[in-house]
Amino acid sequence: MVANIEIYTWSSCPFCLRAKGLLNKKGVSYQEYCIDGDNAAREAMTVRARGGRSLPQIFINNQHIGGCDDIYALDAQGKLDSLLT
């Protein structure tokens, strides 16, 4: 089964670029929601992320993972690959 990966980003956000780089390195497909300047989309993301307003916000199979540091921490702990498959 392929994981459903969603990431909310801003186009110029270095943390967003770094998180997408990790996903690209893992060779997985993801749905990106670039919400530059879209306050309604940001509010919807914040609700979905249970108050998380920073970017990126990452979801795997509808589970809130968190941001860039969180996905890198999962990878360092050896837990990310199992979520991606």
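User: How do the axes of helix 1 and helix 3 cross, and how many Å apart do they come?
Analyst: In this predicted model, the axes of helix 1 (residues 14–26) and helix 3 (residues 68–76) come within 9 Å and cross at roughly 30°. Angles under 35 degrees count as roughly parallel, and the two helices are therefore roughly parallel to each other.

User: Left-handed or right-handed crossing?
Analyst: The crossing of helix 1 and helix 3 is left-handed.

User: Which residues make the contact?
Analyst: Helix 1 contributes F15, R18, A19, L22, L23 and K26, while helix 3 contributes C68, D69, I71, Y72 and D75. Of the residues in this contact, seven are nonpolar, four are charged and none is polar.

User: Switching to I65. Where does it lie?
Analyst: I65 lies in strand 4, which covers residues 63–66.

User: Is I65 buried or exposed?
Analyst: The relative accessibility of I65 is 12%. Buried means under 20%, so I65 counts as buried.

User: And what does I65 touch?
Analyst: Leaving aside residues up to four places away in sequence, I65 touches I58, F59, I60, D70, I71, L74 and L83. I71 also takes part in the contact between helix 1 and helix 3.

User: What about H64: which side chains does its side chain join in polar contacts?
Analyst: H64 is also found in strand 4. Its side chain makes a polar contact of 3.4 Å with the side chain of R50, and another of 2.5 Å joins the side chains of H64 and Q57.

Note on methods
Residues are numbered from 1 along each chain as its sequence is written. This is a predicted model: local features need pLDDT of at least 70, side-chain atom pairs count only at pLDDT 80 or more; totals for chains, interfaces and linings use all residues. Side-chain values use heavy atoms; hydrogens and water are left out. Axes are lines fitted to C-alpha atoms, for helices over the stretch in contact, and angles run from 0 to 180 degrees between N-to-C directions. Helices (H or I, at least four residues) and strands (E, at least two) are DSSP runs, numbered from the N terminus. Angles under 35 degrees count as roughly parallel, over 145 as roughly antiparallel, 65 to 115 as roughly perpendicular and the rest as oblique. A crossing is left-handed if the near helix is turned anticlockwise from the far one by less than a right angle, and right-handed if clockwise. Contact means heavy atoms within 4.5 Å. Ala, Val, Leu, Ile, Met, Phe, Trp, Tyr, Cys and Pro count as nonpolar, Asp, Glu, Lys and Arg as charged, and the others, Gly among them, as polar. Buried means under 20% relative accessible area, exposed over 50%, partly exposed in between (1.4 Å probe, protein chains only). A polar contact is a pair of N or O atoms within 3.5 Å; within protein, one must be able to donate a hydrogen and the other to accept it, and residues adjacent in sequence count only if both atoms are side-chain atoms.
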